[in-house]
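Please look at the model first.

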Amino acid sequence: MVSLRKPHAASLGSQAVFLKDVFGDDDMVRPDQLVAILKMSKLDIAPALGLSRDALSKTIRQNSPKTQSRLREVVEILNRVLPWAGTPVKAWAWYRSESLPGFGGMTAEQLVKDGMGDAVRHYLDEIAIGGYA
C-alpha cells in the first residue's frame, strides 16, 4: 500500500521542488499542478495513470483514496527518475516509453496500470544504489 503521507522535503534533496509543487497544504496530490508541470491535460494523463478520466476531472474523485494513492505512486516514480531524466517532462516520457529489463519489456506505465507500482519503485531503488536491472 502506498503511504498517503507527504514526504519531508529535506529527505528528498533535489527532488523536493517537484514534490512540493504537486502537493497541497492538506498533503493531497493536486492533479492541476501535476498536469501543469508535465504540460498535459487531465484527460490525457488519467489513462496513463490507470485511472478513469472522471477520476481527475471531478473534485470528489480526485480526493478519493484510490486516486490519491495512484497519483502519489506515480509522483514517487517520477521523482526517482527525475535526477537521471533531468526534467519532469523527460521523466514522464521515461515512465511512458522505457522498457524495463526484468519485467518482460513492460514500461513503468504498464506496470503501474497492472498494480505493480511498488515493483517499479523497488526496481528504481535498486538501480539507484548500484544494483543491476
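In this predicted model, the buried residues of helix α9 are Gly117, Val120, Arg121, Tyr123 and Leu124. They sit on the same side of α9, because the arc they cover around the axis is only 160 degrees. An α-helix has 3.6 residues a turn, so residues three or four places apart point the same way. The cover over the buried residues of α9 includes α6, α7 and α8.

| Helix covering buried residues of α9 | Residues |
|---|---|
| α6 | 65-85 |
| α7 | 88-97 |
| α8 | 108-113 |

Helix α9 itself spans residues 117-128, 12 residues in total. From its first C-alpha to its last, α9 reaches 17 Å, close to the 16 Å expected at 1.5 Å a residue. Gly130 follows α9 and has a positive phi, near 100 degrees.

How do α6 and α9 lie relative to each other, and at what angle do their axes cross? The two axes come within 10 Å and cross at roughly 20 degrees. Angles under 35 degrees count as roughly parallel, and α6 and α9 are therefore roughly parallel to each other. The crossing in which α6 passes α9 is left-handed. On the α6 side, the contacting residues are Glu73, Glu76, Ile77, Arg80, Val81 and Trp84. They meet Gly117, Asp118, Val120, Arg121, Leu124, Asp125, Ile127 and Ala128 in α9.

The protein as a whole has 9 helices and 0 strands. Of its 133 residues, 42% are buried. Among contacts between residues at least 6 apart in sequence, 46% join residues at least 24 apart.

Terms used
Residues numbered from 1 in each chain as written. Predicted model: local features only at pLDDT ≥ 70, side-chain atom pairs only at ≥ 80, totals over all residues. Heavy atoms only, no water. Helix = DSSP H or I, 4+ residues; strand = E, 2+ residues; numbered from the N terminus. Expected span 1.5 Å × (residues − 1). Buried < 20%, exposed > 50% of the residue type's maximum accessible area, 1.4 Å probe, protein only. Arc of directions from axis to C-beta. Contact = heavy atoms within 4.5 Å. Axes fitted to C-alpha atoms, helices over the stretch in contact; angles between N-to-C directions. Parallel < 35°, antiparallel > 145°, perpendicular 65-115°, else oblique. Left-handed = near helix turned anticlockwise from the far one by under 90°.
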